[in-house]
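Keep the structure open as you read.

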Amino acid sequence: MVGGGGGGVGGGLLENANPLIYERSGERPVTAGEEDEQVPDSIDAREIFDLIRSINDPEHPLTLEELNVVEQVRVQVSDPESTVAVAFTPTIPHCSMATLIGLSIKVKLLRSLPQRFKMDVHITPGTHASEHAGKLNKQLADKERVAAALENTHLLEVVNQCLSARS
Amino acid sequence: MAAAAALEAAAPPSALWGLVHDFVTGQQEGPADQVAADVKSGSYTVLQVVEALGSSLENPEHRARARGIQLLSQVLLQCHPLLLEKEVVQLILFYENRLKDHHLVIPAVLQGLKALSLCVALPPGLAVSVLKAIFQEVHVQSLPQMDRHTVYSIITNFMRTREEELKGLGADFTFGFIQVMDGEKDPRNLLVAFRIVHDLISRDYSLGPFVEELFEVTSCYFPIDFTPPPNDPHGIQREDLILSLRAVLASTPQFAEFLLPLLIEKVDSELLSAKLDSLQTLDACCAVYGQKELKAFLPSLWASVRREVFQTASERVEAEGLAALHSLTACLSRSVLRADAEDLLDSFLSSILQDCRHHLCEPDMKLVWPSAKLLQAAAGASARACDHVTSNVLPLLLEQFHKHSQSNQRRTILDMILGFLKLQQKWGHEDKDQRPLGSFKDQLCSLVFMALTDPSTQLQLAGIRTLTVLGAQPDLLSSGDLELAVGHLYRLSFLEEDSQSWVAALEASGALATLYPVAFSNHLVPRLAEELHAGGSDLTGRNGPAKASRHLRCLQALSAVSTHPSLVKETLPLLLQHLWEVHKGNMVEGSSEVIAVCQSLQQVAEKCQQHPESCRYFHQTAIPCLLALAVQASMPEKEPSVLRKVLLEDEVLAAMVSVFGTATTHLSPEVAAQSVAHIVPLFLDGNVSFLPENSFPSRFQPFQDGSSGQRRLVALLMAFVCSLPRDVEIPQLDQLMRELLELSRCHGCPFSSTAAAKCFAGLLNKHPAGQQLDEFLQLAVDTVEAGLDSGPCRSQAFTLLLWVTKALVLRYHPLSSRLTAQLMGLLSDPELGQAAADGFSLLMSDCTDVLTRAGHAEVRIMFRQRFFTDNVPALVQGFHAAPQDVKPNYLKALSHVLNRLPKPVLLPELPTLLSLLLEALSCPDGVVQLSTLGCLQPLLLEAPQVMSLHVDTLVTKFLALASSPSMAVRIAALQCMHALTRLPTPVLLPHRPQVIRALAKPLDDRKRLVRKEAVSARGEWFLLGSPGS
C-alpha cells in the first residue's frame, strides 16, 4: 500500500500505515449560561472529553479522538461525588502503545482536574488481550506506580510530547 | 623586462620615486593610494609608475617583486579607465608572463589582471589569452579564498563584456572553468561560481562534451547543508545558496538525466530540508523540461512523490509534493507531441489513478485525502489532465456515494467531488458540448439534493457548497434543477438556530441569486413574501418563539438574495411595506421586529453598494419612506399609543441610523446633492414635501419645537449628513451647525444632545480648513467653556468636548492638543472624572456611525500612535501628581490608550510604562485590571526578555487576580499566567512549584471558561523544564 523505500521523517515503518480516521468534534460552543457570572457550571463528560481528546497519539501525527481511542460516551463523571472514569480503546488488540496512552490520559487528568477527584483510567473491557489489560488497569490505578513511571526521564519525555500542543 | 622596455621612457618625478620606495621597501600601504590619486589627477602617467618601479618588478627577491607588482596592480585597479590600448597590450603581456612566477607573487598578479579585465580599451583576443593563461598556469583551488574570488571576478568581467570572444573558445572555456571551481568550499565564492555556471548555460556557451562534468562540479553541493556561523559579517543565508544552486541545476534539460536520479534519491532523505529542497528543485525543473527528459524517470518520480504525500506528517512536505506533481503533470501536458509518439500524459495519469482510486473507496481511512489531493494536484495542471482525471474519478465517486450509507462517509466523498468540480472552473470550455460535466449533471444534482435532505449538518453543508460550485458552471443547471435547488435552499434557510446550515444556505442563495435572478424571483421571493405576511400577523400566538424566529429568518433571507439589482426591486418594497404595516398598527409588535427589519434593510443597502443603479434606487426609495415613518411617529398625538413610539426608541433609531449610513456612503455626487437638498430643509425648515404620505397633523420642527420625539430624529440627520462624500455641498451649513450646537446643550434628553454633538463633530471633521472652520471651532469652544462652568449642562458640555476633540484628533488639527489637555484636566474632576477616563476609550476606538472612513471622514492612519506620543507622558505625569482618589481615572485613561495601540508601537515604550502597568494591576477597578491584563498578555508573548525582569511581581499579581470576583478578570489573569511560560525557562523554574500549587485552585472554579484557561496554563507550567517539551 505504501510505496517502498525507507521510512518517513520519524524513521521506521508504522505498524498501521492507513488507520481509520474519525472526525474531530468542533470546539464546544459557549452558552449564555457559561458567560453568566452567577450560574455555576458543573464538570461534565464533555469537559473531561475536551481535556483528553487532543492528546497526541505516540505513534501517529493524529489525536486520540481522531483514532477513536477515546470517546465521549466512554467518559463517566460525577461532579458532586468527585469521581471520573475514562475507558480507552487501543487501535489494535495487542497495541504496544496501550500503557503509554493510558499513562498520558492519567497524567493529563492529574494535571487538569481538581484534587478532590478520584480518577479511574482503564482499557475498554473486551478490547484488549485480557491478562495484559488487567495488569495495565492495575498499574494505572496505583498512584505510586504512576509516580514512579514519571521518574523515568524517557517515559516522562514521551508523555510530555503526547500532552504538548501540536505546533 | 620587455614590457617596460617597450614603453617610451620618460623621467619620473622624484616624488614618485619616494612613494614607490616607501611602498616596496618601506612596507607602507598609504603610498599606493597616493600614487593612484596622482595618476588620476594627471601628475604622472602609468608609464612613469612602471618606470619608477623599474627594478622592483624584476627583483630576484620574491617578496620585493610581489610588492612591486602589487603597487602597480593597485594603481591599475583605480586608474584602468585611463589606459590606452597599447599600454593595455603591454601590461597584459607582462602579467600573463608573471602568472608563471612564484606563488607569493600570484595574488598581486591576479589583482592586476582583474583591473585589466575591467578595461574598456582591451583589444579583441586578449580576454581569451588571459583566461587561457589562468587555466593553464594557476591551480585556483590552492589559492586563498580572496584570490579565488579574484579569479571568479576576472571571469565574470570578461563574460559580461567579451561574450562573443569567449564563446570562440568553445567548450574549452567551460572545461577551464570546471577546473577552476572544482572543490570550491567557501559560500561567498560559491554564490559567484553558481552565477557563472548559470550564465554559461543560460547564455548558451558551448558545453561540448562536458555537460556531465559541469553537472558533477555543481550538483555535489546538493542538497545544500550550510549553517551560517554566528555573527557572520557576510550575511549569506542557507536560502541564498539553495536558490542559486537550484537556478543552476534547473536551468537546462541537458542535466535531466543526471539530476532526476539524484532528486529521486534525495527525496528519500531522512532530513526534512533535503526532502523539501528536492521536491522544490523538481518543481523548478518542470518549467524547462519536456516529455523527453522526464520519460524514463516518471515511474520513480511518481513513486517518490506518492510515498512522501502518503507518509508524511509534515504539511510542508505534503504541499511541496503536491506542487511537484502539479508541475510534472503540467510539463507533460505542455509538450508538443509528434504524431506517432506515445502520449506520456495519459499513461502518467493512468498510473496515478491506478494507485489512488482504490483509496477513494475507503472514505474512513487515512489515505483517502492524500489520494484525493494527489489526483486534484494532477488535475489542476491542465485542461487535458483535468478531463482525464475527472472523467475517471467522478463516476467512481458518484458510485461510492451510493455505496456508502453513513453521513460522514458521504460527506467525505462529496467533499472530494467538490474539489474536482472546483478544478473545472479553472478551465473555460468554449464549446458547450465538450464540457465534461454535462453528462454527469443529472447524477450530480440528485446527489446534491440527497445531501441537502440528509439529517447530518456536515453533509448538508457539503451539499450547499457543491450546489454553489455547480451553479457557477455556466449553462449547466436547467431551470428545473434551479427550481428544485431554490426549494431546498428555502427549506434549509428555516432550519433551527444551532444548525450552521441555514447560514450557509443564505450565503449560497446570495451567490446563486446573482447568477440566476429569475429563478429566485419566481420561486423564492413570492414564498418569502407570503411567509413575511403570514408570520407577521400573529406572533403572540401559541407558537410565539418558534414563529418569531421563523419570521426573523424570513427577513434575513430577503436581504441575503438581494444580490442582483432586479431582486432588490422586489425585496426592498416588501421590507418597506412590512414596516408601514407594522407602523400603521396592523400588527402588534415590539421594537425587536422593527429592529430586525432595519437590520435586513441595512444588509440590502450593503449589497447595493456594488451597483450604482441599485444604490440610487435603494437610497431614493428607502430613505424618504423611513423618514416619513419616523416623522409621523414623532408627531404629537391626542391619544398617545405605545406602538407608535416604538420607532423613537434608542435601539430602533440606532438600527435606522445604520441603514441611513450604509445607504448614503456610496452615492454618486448627483444623487447625493439631490438628497441633501431635500433632507436638510426638512430638518431646518420643516419642509416635508418630498416625503410620501406627507399630511401630518402638525409641523416638523426638531430644532425649534419642544417635542422631545422630534428632537430624537436628529440622529437620522446625523447618519445621513455624516456619511456623505466630502465634496457634496451641504446647504444652510452655517445655520445647521448653530442649531446642532444649540441642541447639544439641551438637557433632559441625552440621546438628542449626543446625536447633535456627534453630528456637529462629524461635519467639523470633514470641513475644509479655513475661516469658516475656525468660526465653527470658536463657537464650539465657547459653548463647551460656558457649559462646563455652570451646573446643569456640564455633562452635555463634556460630551460635546469629547466628540469635537475626537473629530480633530482624527484629522491632526492643531487645536486637538488643547482640547485633549482640557479633557485630561477633567480626569481630576469629582463629577466628570470617570466619564473623562472612559472618554479616552472613545477617542481611541473606531466609531460605527460617524467619523468613519467608510463615511468619508478624514481619519489619518497613524492617529493612535500620534495621540500616544503626544499625550501619554502627560497622563503618566498626571497620574503621579494626582491625589489618591482620582489616580484610578488616570490609569483607566492610560489603559484605554495602550489597549488600542498597535503592539509594535507599544513595545519600545514598555520600559518606561511597565512600572505603571504593574501598579495598575493593584488598582481595584475591574476595567483597569482587565485592560491592563489585556495589555500585558501580548507583551509577555512578544517581549519576554523585558518582562522577565519583573517575573516575581507578575507571578504574584496574576495569581492574586486569578481569584478576582469577576470572571473576565480571572480568565484574563490565567491567560497571562499561560503567557508567562514564554519567558526564559531559567527565570520561571524557581516559581514552578508555587505556581503549579496555586493553579490547582482555579481548576475547581465554578465557571467552565475559567477552568479551561486554568487547565491550559497549568499544563504549560508542568511542561516547563521537563523533558520532551
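Start with the interface: chain A and chain B bury about 3600 Å² between them, and 50% of that area sits on carbon and sulfur atoms. Bear in mind that this is a predicted model. On the chain A side 48 residues take part in the contact, while chain B puts in 38 residues.

What holds charge against charge here? Seven salt bridges turn up across the interface of chain A and chain B. One to look up is Arg1011(B) with Glu47(A), where the closest N and O atoms are 2.7 Å apart. As for polar contacts, 20 residue pairs are counted between chain A and chain B, with both residues at pLDDT 80 or more.

Now turn to the face of chain A that touches chain B. The elements giving two or more residues to that side are α1 (32–35), α2 (45–52), α3 (98–112) and α6 (153–163) of chain A. Of these, α6(A) gives the most, with five residues. Sorted by class, this side of chain A has 18 nonpolar, 16 polar and 14 charged residues.

Next stop, the second largest pocket, which holds about 480 Å³ of space. Its lining counts 18 residues, and nearest the centre lie Lys106(A), Leu110(A), Met119(A), Lys143(A) and Val146(A). Both chains show up in this lining: α3, β3 (118–123) and α5 (143–151) of chain A and α55 (1008–1023) of chain B each supply at least two residues. The largest share, four residues, comes from α5(A). By class, the pocket lining has 12 nonpolar residues, five charged ones and one polar.

Key:
Residues numbered from 1 in each chain as written. Chains lettered and ligands numbered in written order. Predicted model: local features only at pLDDT ≥ 70, side-chain atom pairs only at ≥ 80, totals over all residues. Heavy atoms only, no water. Contact = heavy atoms within 4.5 Å. Buried area = accessible area lost by both parts, 1.4 Å probe. Salt bridge = Lys/Arg side-chain N within 4 Å of Asp/Glu carboxyl O. Polar contact = N/O pair within 3.5 Å; in protein donor to acceptor, adjacent residues only side chain to side chain. Nonpolar A, V, L, I, M, F, W, Y, C, P; charged D, E, K, R; others polar. 1 Å grid on protein atoms, 1.4 Å probe; cavity = no way out; pocket = protein on both sides within 12 Å on 5 of 7 lines; lining within 4 Å. Points joined across faces, edges and corners; volume = space filled by probe spheres on them.
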